[in-house]
Amino acid sequence: MKTSEKNEIIQLFESHFNEKVEGFELLPPSGSYRQYCRLSSENRTVIGATNNDVKENTAFLSFSNHFYNKGIKVPKVYAVSSDLKKYLLEDLGNTTLFEFLTKTREEEGFSENIISVYKKVLQALPKIQIIAGKEIDYSVCYPREAFDKQSMMWDLNYFKYYFLKLAKIHFDEQALEDDFQLFSNYLLSASSNYFLYRDFQSRNVMLKDDDVYFIDYQGGRLGALQYDLASLLYDGKADIPESVRAQLYDFYISELKKYMKVDEEKFAAYFKGFVLIRIMQAMGAYGFRGFYEKKEHFLKSIPYALKNLEVLLDDLKLPVDLPELTSVLKQLTHSEVLKEIGQGKSNLTVRITSFSYKKGYPEDPSGNGGGHVFDCRAINNPGRYDEYKKLSGKDMSVQEFLEQKSEIRLFIDAVKVLVDQSVKVYLERGFTHLSLGFGCTGGQHRSVYSAEKIGEYLQNNYPVNVVLVHREQENWR
């Protein structure tokens, strides 16, 4: 974020709330060109956003106000700059559905706790699509008012040019174009007078106060009900088990019936087609961000997309014949190069240990004698408060305490600078082990939180194997 933009968004905060900004934190980049920050005063914390695309902002702000007034859980819009390039939103915290899924799955597998949250999301989806979708101002949609022929062809060609060609998959261009035309015409025959969220996936669902909230719907437009359901259930790295997918699909249908009559056979037939175009659209994005822009973490999603595609092709029965497209898709699922590309080619293992200074420094089993050790003891300690004494840095209430009542974010950002430098050099030189240690008084709150955050950061940004060790965990609870 440019200094001028930072100053302008601080000014927007101070003029709107009539309060002095005391804290400013630039948030990690998203998959778009929007930039986010967290601003805080003595009385409140909000999210600030900057984006030079005024049409996209107009769509987001219009939809946000409409959804909020309809009782849909979205961030409240507090203030908008006169040039429509900056705005302030309700702070929904940091826990996305994807982050919750990832952490919970490590401990419990794809448990009922995860399924129950997905059901909350699916309960809200028909209300967004049907109730809120009826009176929405579709004239502000950007770049298209509907998921129409043009939109579909954009997605299909995005897949062709940014995935197939960059992945060096062979195809007959005219034959594939003919299949694209047939396929899009079939999808257009589905009922489509509903709000299509467009990017309805686990990273765009926030969890706060035991409820689900929705973000990043600025690409919304008129479309078919099946598309958003496909986006959620076939969300790549969420890697939902097939049996759970079937359960959640049935749950959505039961919820949908509360709003309208449903021809289940017809709905299911179209659903498979929309799953396919959604997977292809996602692959186009992975190709553009990964192959073209060289952003490694997007490539990590490719094996998951291929797995979803393989499952889909096993039972794909469409009423149109698509021989070239089918051939191309099968080539993808059989490509060993693509299956391995997101797994990373390095052998670098980063071992991250949380520990208590009272029990000494952690050992480094690699034989390299150790690595970075970061002292977390300057951070405000949750362990001094009774309500947190039996919890750890993995618990949400502890995380919220650290993020709201300490300077942990500044600490983590500083750690990232040093760790980035080491990881990049280790990868370039072919090293196999790097150790990181985070110490605090008890090895329970601050060090555990820091180790978890840095582990997640490395997994999402580098082709490394992360091993997390919470040395004192056995003494907790």
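Rings of Phe, Tyr and Trp (its six-membered ring) count as a pair if their centres lie within 6.5 Å. Keep that in mind for the exercises below, and remember that this is a predicted model.

**Exercise 1. Find out which residues the ring pairs link into a cluster.**

Start with the total: the structure holds 35 aromatic pairs. Now follow the links from ring to ring. Phe60, Phe63, Phe67, Tyr87, Tyr138, Phe195, Tyr197, Phe200, Phe214 and Tyr217 are joined into a cluster by ring pairs.

**Exercise 2. Classify the pair of Tyr197 and Tyr217, and say where each residue sits in the chain.**

A pair of aromatic rings is described by the distance of the centres and the angle of the planes. For Tyr197 and Tyr217, the centres are 5.9 Å apart and the planes stand at 80 degrees. Planes over 60 degrees apart count as edge-to-face, so the rings of Tyr197 and Tyr217 are an edge-to-face pair.

Next, locate them. Tyr197 is in the loop between β6 (194–196) and β7 (205–208), while Tyr217 is in the loop between β8 (211–214) and β9 (221–223). The two residues are 20 residues apart, and their pair links distant parts of the chain.

Finally, check the surface. Buried means under 20% relative accessible area. Tyr197 has 1% relative accessibility, so Tyr197 counts as buried. Tyr217 has a relative accessible area of 0%, so Tyr217 is buried too.

**Exercise 3. Find the rings that have the charged end of an Arg sitting over them.**

Take Arg203 to begin with: its charged end sits over the ring of Phe98, 3.9 Å from the ring centre. Then look at Arg377, whose charged end sits over the ring of Tyr357, 3.7 Å from that centre.

**Exercise 4. Work out how helices α6 and α12 pack, and name the residues that meet.**

Find α6 at residues 173–188 and α12 at residues 323–333. Angles from 65 to 115 degrees count as roughly perpendicular, so α6 is roughly perpendicular to α12.

Now zoom in on the side that faces the partner. From α6, Ala175, Leu176, Asp179, Phe180 and Phe183 meet Pro323, Glu324, Leu325 and Val328 of α12.

**Exercise 5. Trace the order of the strands in the two open sheets.**

Take the sheet of 5 strands: it is open, its order is β1-β2-β3-β5-β4, and the pairing is antiparallel. β1 (23–26) and β4 (77–80) are the edge strands, each pairing on one side only. From one strand to the next, the twist averages 25 degrees. Inside this sheet, β2 (residues 35–40) and β3 (residues 45–50) pair over 6 bridges, and Ser40 stands opposite Thr45 in β3. Helix α1 (residues 3–17) lies across β1, β2, β3, β4 and β5 (86–90), at about 55 degrees to β5.

Then take the open sheet of 4 strands, ordered β11-β12-β10-β13 with parallel pairing. Its edge strands are β11 (372–375) and β13 (465–470). Here the twist averages 15 degrees from strand to strand. Strands β10 (residues 349–356) and β12 (residues 433–440) are joined by 8 bridges.

Definitions and conventions
Residues are numbered from 1 along each chain as its sequence is written. This is a predicted model: local features need pLDDT of at least 70, side-chain atom pairs count only at pLDDT 80 or more; totals for chains, interfaces and linings use all residues. Side-chain values use heavy atoms; hydrogens and water are left out. Two strands pair if DSSP finds at least two bridges between them. Axes are lines fitted to C-alpha atoms, for helices over the stretch in contact, and angles run from 0 to 180 degrees between N-to-C directions. Rings of Phe, Tyr and Trp (its six-membered ring) pair if their centres lie within 6.5 Å; planes under 30 degrees apart count as stacked, over 60 as edge-to-face and the rest as tilted. Buried means under 20% relative accessible area, exposed over 50%, partly exposed in between (1.4 Å probe, protein chains only). A charge sits over a ring if NZ of Lys or CZ of Arg is within 6 Å of the ring centre and within 35 degrees of the ring normal. Angles under 35 degrees count as roughly parallel, over 145 as roughly antiparallel, 65 to 115 as roughly perpendicular and the rest as oblique. Contact means heavy atoms within 4.5 Å.
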